[in-house]
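Subject: Handing over the structure

Hello,

Here is the structure I promised to pass on to you. Please open it first, and then read my notes below.

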Amino acid sequence: MGKAGAVLALKVVMILIFTAWMSLWFLKPTNFWTRRWKAAERSARNTLFGYHGLDFAVYTFPVIALAMVGLVYLNLQSWGQTSRRTRSSTAALSNPVVTSNLIGILSSVEILSVFLFILFLVWTFYSRISQDFTKLAPVESLKLDLWQLKYLRVATRFGLLAEACLALLLLPILRELAVFRIIGIQFEASVRYHIWIGTAMICFATFHGASTLFIWGVSHYIQDEIVKWQRTGRIYLAGEIALVVGLVMWITSLPQIRRNIFEIFYYMHHMYILFLVLFLLHAGDRHFYMIFPGVFLFGVDKLLRILQSRPRTYILTARLYPCKVVELILPKDTGLKYTPTSIIFMKIPSISRFQWHSFSITSSSAVDSHTMSVLVKCDGWWTSSLYDNIQAQLDSDADKLKSIPVAIEGPYGPSSMNFLRYDSLLLVAGGIGITPFLSILQEIAATQGKGNSRYRFPSRIQLIYVVKRSQDIGTLKPVSSLLQNHPSQKWHLKLKVFVTQEKQCGASVGELINEASQVQTLHFGTKGPIYSIHGPGSLYQTAALVAIASIVFFVFLISFNHIFFPSEISRSSLHYSKLIVSSKMNAPKEKGPSWVADILIIASFILSLACTGLVAIILRWRRVKKETPREEKIQQRSSIEAKGAVEEEHEIQFGERPNLEDVFSAFLNETGASDIGVLVSGPESMKEAVASLCRQKSKCFKLGNKKKKACLSFHALTFTL
């Protein structure tokens, strides 16, 4: 009860923090908030913290606090919690409602969130523009007509909409500090929110910049204004360059470029540093504090990920499948535990010094505590280079094998094994999308074999596997023993394979698996010690590092402002009379160039990252040094090996795609009224088809159903970004 009470208390705290932060955004466009905030800033100027400390505490710190509390909350949750929950109307909100080739699969929660965000943008724009039009004043430096003046104000307010999008832009792509993981959304699934928000931001920013340039052009002031670098206020030149940089980043991130010329996307996307600096110089420090939470967390997250991939490790074993799939066996620390469907990011410097690729882990930490494995489908330049490298070493002299160093980041995955809470599971995989299901099946078998009464297992599992050629079935080799359905096995697994580009060959599923899983194995030697993969640090440690970064940033920020702007403190220390204080407060707020305050924020942030990085390095190496690097080759993983033939009840069909509606109907008839988890991993078209059927077939939330009906819960697994 104590742990449950703490979890509940943390939930309440997170809800309160999030509500307070959202309230700031809704109140910020109002006159009420403007008056109150200006008074608060004037009062803060005469204090130790100054208005910089107030802005950071009110606008930035709530999201940082939410991330820290969320990490503690996730750590307190029971790892692998799988208690069967009663059917709840809230579960329906996560099921697909809209399936579209353009926007993908949307649930009720996502539609509601998008609607509320659009409503917020409309409210912000309306509040600002209505105030502008009621007290419209001509620009002293520009002689504009009334329509030009109004249009310029509209363009300016579109810049605020871009700012609101930028405040959320970096939050979906956090990995170690992923705030979305608190509500059960993993990094690989939240990337699409980053894409949506980024597209909206670029649209608003382009209208903002292009309209401003248009007004300058028609009023014949464009040559004077476009290069203006003001001592105080807006720096127009920085904003224009930031817009160009943002457009370059957005264009090079389009799928046509990202998937075909990854290097261009990767290098151009690192211009985000320049973009953020230019935005700070253009908008000023007060606006930057609104978007700083995402920037701050992303900076700390990036730092921890860089340190996590050190030191490099080596590939222990590589297995080449006939279907041009490579299985890589990697060493891991015995204390590293991960949940099924987790992913890792891998970099092989001998192929590319900069490219990171994500792969779904196919092994289970419950089966093997010393190694982990991934399957790599070799159909691109990077993966084909890996395949050719290994094939070349297989064909060469065995005494001259070269070890392949790799950098690993992760694993990242769900905090609990929620797929075990269902009565039945329907798994639909296409091609290499089978990989996350291999880890799920091995986890279930291993945990059940230990007789752990803490878990309740699905009584029936059906795996639908769609491949182009029969040799692709070889990827099922790690779970071939599970296809035998031993009497001691408390759950029943049925496999249906569909080979779309071959005709009937007369072989059974078991024969095809054995034939297609004839692999070439290469055991690598290493010249030096083998460091195991240790994964991210503990959640408590990560939360502590975020707290250290926040405190150090705050201290440096306040110290720098006292050094470079001492006049703000001298007023309070010398106790001026009320008249003098009043005159000072009515004077212009800026006592120095605005870009100086911007530089102080950048310097404070860099120093906070440096101090946090030093602490993180010490903690990291203390953790790594606890394990003595091993010179000898690590024993191979103890995978679940088959001891008999695969049962003939499993089905295989050639030359056709599965009729998913018939598959769903048959499975529903077999399972009856139960909670069914539907997991799909494969092409987007397959996910959309499965999502549509889940929406049609699920009857547990339809009105008028007095009897208990089957309830289908849809989950799409993504590991290609």
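This is a predicted model: local features need pLDDT of at least 70, side-chain atom pairs count only at pLDDT 80 or more; totals for chains, interfaces and linings use all residues.

A residue is called buried when its relative accessible area is under 20%, exposed when that area is over 50%, and partly exposed in between (1.4 Å probe, protein chains only). Residues are numbered from 1 along each chain as its sequence is written, and side-chain values use heavy atoms, with hydrogens and water left out.

First, the overall picture. The chain has 721 residues, and 52% of them count as buried. Its secondary structure comes to 21 helices and 16 strands; helices (H or I, at least four residues) and strands (E, at least two) are DSSP runs, numbered from the N terminus. Among contacts (heavy atoms within 4.5 Å) with a separation of 6 or more, 81% are between residues 24 or more positions apart.

S604 counts as buried because its relative accessibility is 0%. Leaving aside neighbours within four places in sequence, S604 is in contact with F553, F556, L557 and F560. Take F553: S604 and F553 are 51 residues apart in sequence, yet their C-alpha atoms are 5.3 Å apart in space.

Next, the salt bridges. I use the term for a side-chain nitrogen of Lys or Arg within 4 Å of a carboxyl oxygen of Asp or Glu. A search of the whole structure finds 12 of them.

- E41 and R286 meet through their side chains, at 3.4 Å from N to O. This pair links distant parts of the chain, with E41 in helix α2 (residues 31-45) and R286 in helix α12 (residues 285-308), 245 residues apart. E41 is buried at 4% relative accessibility, whereas R286 is partly exposed at 23%.
- E670 and R460 form a salt bridge whose closest N and O atoms are 3.9 Å apart. E670 lies in helix α20 (residues 660-671) and R460 in strand β11 (residues 460-467), so the bridge ties together parts that are 210 residues apart in sequence. Both are partly exposed, E670 with a relative accessible area of 36% and R460 with one of 27%.
- E661 and K697 form a salt bridge at 4.0 Å, N to O. Here E661 in helix α20 is linked with K697 in helix α21 (residues 684-697), 36 residues apart. E661 is partly exposed at 42%, while K697 is buried at 16%.

There is also a network of salt bridges that links R175, D301, R305 and E409.

Finally, a pair of helices. The axes of helix α8 (residues 236-252) and helix α10 (residues 262-269) come within 9 Å and cross at roughly 150°. Axes here are lines fitted to C-alpha atoms, for helices over the stretch in contact, and angles run from 0 to 180 degrees between N-to-C directions. The crossing angle makes α8 roughly antiparallel to α10, a label for angles over 145 degrees. V248, M249 and T252 of α8 make the contact with I264, F265, M268 and H269 of α10.

Enjoy exploring the model!

Best wishes

How values were computed. Angles under 35 degrees count as roughly parallel, over 145 as roughly antiparallel, 65 to 115 as roughly perpendicular and the rest as oblique.
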